[in-house]
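I set out to record what I looked up in this structure, entry by entry.

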Amino acid sequence: MIDSKYKWQLDQPADSSVVDKLAKDANIDPFIAKMLIQRGITSADVVEDFLNPSVSAFHDPFLMHDMHKGIERIQQAVENGEHITVYGDYDADGITSTTVMYETLSDLGADVDYYIPNRFTEGYGPNVEAFQKIIQKGTSLIVTVDNGVAGNQAIAAANELHCDVVVTDHHSLPEKLPDAYAIIHPRVKNENGDAYPFGDLCGAGVAFKVAQALMDEVPSDLIDITAIGTVADVVSLRDENRAIVKFGVQAISNSQRPGLLALIKEAGIDLGRFSEEDIGFGIAPRLNSLGRIKDATVGVELLSTFDEDRAGELAKFANQQNDLRKSLVDQFFTEAVQSVEDSGDISQRHTLVVVGHNWHQGVLGIVASRLVDKYQRPTIVMTDTDGSEEVKGSGRSVDNFDLFKAIDPIRDQTIGFGGHHSAVGLTIKKDKVPVLKDQLEKAAEEQQLDLSVKPKLAIAGVIPVSQVTAVLCDQIKTLAPFGQDNPKPIFQVQFDQLANVKAMGKTSDHLKFSLVQGNNRLTAIAFGRRSAAVELQNSQAAVQVVGEIGENTWNNRTTLQLMVDDLKQTLPPVIDERTHELHRKMFATVGTYVFFHEKVLKQLQGYVGDQSQVVMYDQVTEASANGNRLYIVDCPDVLDDLVQLLAKVQPQTTVLYLYKKQLISKIGMPDRNSYAKLFRFVKEHSNVNIATQLKQISEHLHISARTIIFMVQVFLELDFITIQDRVINLNPNYTARDLKTAPSYHLRVEQLAAEKKLLVSNTHELVSFVKDCLGV
């Protein structure tokens, strides 16, 4: 049975009067009003700002800490012809923020270049050696972008060399800020104790604000690049960021940047339908791959060049790096899974540490994320390298475990360590790996890590397939751009039938199926859920599906589809599994197995596991059955025996095997003429040996042997005949009696009634009957 990956949390429907009022006041559809209320937007003014952001959404850049001071120093450097170096970072936000600052300063006529540190040799942020090298080449002003607020040591070194540093950053603030000439940061408070009105800008966003201050206007020509950094860095898409991305998507759709257009072409993106999702899944990964695999410096050249040939060359390179990144991730993930399975850590540990050999360091964080998704526990993925006694790696965590806090107690045993709650990077000696593993397990105990706690998934509402229309899809689009703090709404889609389940993708890792409701059909795509195919095709368990409603365009034809976020199966209260054969695997699940025939129980008792119960129907107790899975193994002879059993229990699920080797209904009840024929035969023939003469009697009377044996039993019970050593004779003293008074006759009537209700009926009839007996 398919279990959900997430804990589904269905949003409580807003009060209809509140929805209607907002819809009327803001002149919007009630559906949109409902979605906005879920996002905490309840007034018409805020609705207008949210749905239709304008230039007024951009705050005064000089409200940001040290903006005046930093701008004055940059302007001074430009006017005096000082050489300025923009010091960036190797991820997509760092590349875009470097591009924004570099282009801004270039447009001002500055003597400027840029420097992006190497992930593998220099690491993140200000580097003393890098700063020294930059300054030795004549730089007198360094402007950091997307880093610097924690670069105390390197900035102190720059000060000693008489080079000023203007920090522009957005990352978490350290206990002590560096002694920079200026620190432009949206969350650093000014001398009045006030911070910038919106603290969730990314690095590119902060660079954009510096550009706005330098240009004395909103730099619309840079909003495309800024939007890429904003989406890539997964910052809040509210307030200023929402305006940046909304305008940025429009700008990219009409972009004239050769590098950006070439990158979009390589990614196979349709500019006519461009959205923030194309940034997140198409552009950003290719820019990130540059820094993950080799050197991110070419990313700035790609975005800023006006040479179409060079742009095409760099775009192809970025695409190749992205393909390489994906292949490396797939390779290392497969090897990591094998390592985990071979180690047996899943059954023994709450945390995972995987150490590979000569794995590319740039993709370890992605591999760790995929392992967390697969195993739902904190994971660190590391690698050793030939000729080194060190292992380096990245870790990712689950919501209810602080990974940074877990490792911090052994910081002194690491060579390098940093990060936050959900992600860390570290370098340790090989012989310290066992120490790291033990510390993580200790922290799991201290933090009371509960692996049964699933991450939460917010469900916006429940809608039937029939309501998934192009109009609904267009309404959802009005809430875009989607991202952090403004997620694309996820819906639970109701359907009557699930059909056409099949694997898809190059490696058949994904699933495609249809949700059918009447004449309506919706295609659903579930990435990475191939393992669920068999259950979806064969199980009687009810399936529930949640996902995002979107569009798919193929061969110029656009259709609606559901991108599945999660699915689960829930067992119905009664499951029809009627069978003519019983085998061992049918008794593998823990439950209470009920029998109506002791002979069958003795034959099958060895199939049932120790954790399950095997019991005759008249010995079932409420304690043994309530809340458990109840299996009705064989078919009762008397229907009332089952009725009384079900009336006194409340199982979670009742599974009906109702095994019966041979159906009595195939023989039926003999008619009066058959009884008369057999009676005359016995009366006219003495000493009939039922054992040796049965076949001849059957052929003579044209009555089946099984029916003759049944009638003989009835005659015996009514004292019509005598049997001694299987020899039958008429009882000379018999008296006329009603056939129906014979116990065997009565039992056969009961058996036929039970078979008709339990074995001959269709599934709907059977399940309805049992549910009525259970009172569900």
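Which residue in strand 14 stands opposite Val 462? I looked it up and found Gln 492. The model is predicted, with local features requiring pLDDT of at least 70 and side-chain atom pairs pLDDT 80 or more, while totals for chains, interfaces and linings use all residues. Residues are numbered from 1 along each chain as its sequence is written, and side-chain values use heavy atoms, leaving out hydrogens and water.

Entry: the sheet. I took helices (H or I, at least four residues) and strands (E, at least two) as DSSP runs numbered from the N terminus, and I counted two strands as paired if DSSP finds at least two bridges between them. I noted an open sheet of seven strands in the order 13-14-18-19-17-16-15, with mixed pairing. Strand 13 (461-464) and strand 15 (497-504) are its edges, each pairing on one side only. The twist averages 40 degrees from one strand to the next. Strand 13 and strand 14 (residues 491-494) run parallel and are joined by four bridges. Helix 19 (residues 470-477) packs on the sheet, and the strands touched are strand 13, strand 14, strand 18 (542-554) and strand 19 (557-570). Contact here means heavy atoms within 4.5 Å.

Entry: a helix pair. Helix 12 (residues 276-293) packs on helix 14 (residues 308-343) at about 75 degrees, with the axes 8 Å apart. Axes are lines fitted to C-alpha atoms, for helices over the stretch in contact, and angles run from 0 to 180 degrees between N-to-C directions. Helix 12 is therefore roughly perpendicular to helix 14, a term that covers 65 to 115 degrees. Among the residues that meet are Pro 285 and Leu 290 in helix 12, and Phe 317 and Leu 328 in helix 14.

Entry: cavities. On a 1 Å grid over the protein atoms alone, I took a cavity as a set of points where a 1.4 Å probe fits but cannot get out, with lining residues having an atom within 4 Å of a point. A volume is the space filled by probe spheres set on the points, which are joined across faces, edges and corners. I recorded two cavities of 30 Å³ or more. The largest holds about 40 Å³, and its lining includes Phe 681, Ile 690 and Val 712. Helix 24 (672-684) and helix 26 (705-717) each give two or more residues to this lining, and helix 24 gives the most, with three. The second largest cavity has about 30 Å³, and Gln 413 and Lys 432 are among its lining residues.

Terms used
Parallel < 35°, antiparallel > 145°, perpendicular 65-115°, else oblique. 1 Å grid on protein atoms, 1.4 Å probe; cavity = no way out; pocket = protein on both sides within 12 Å on 5 of 7 lines; lining within 4 Å.
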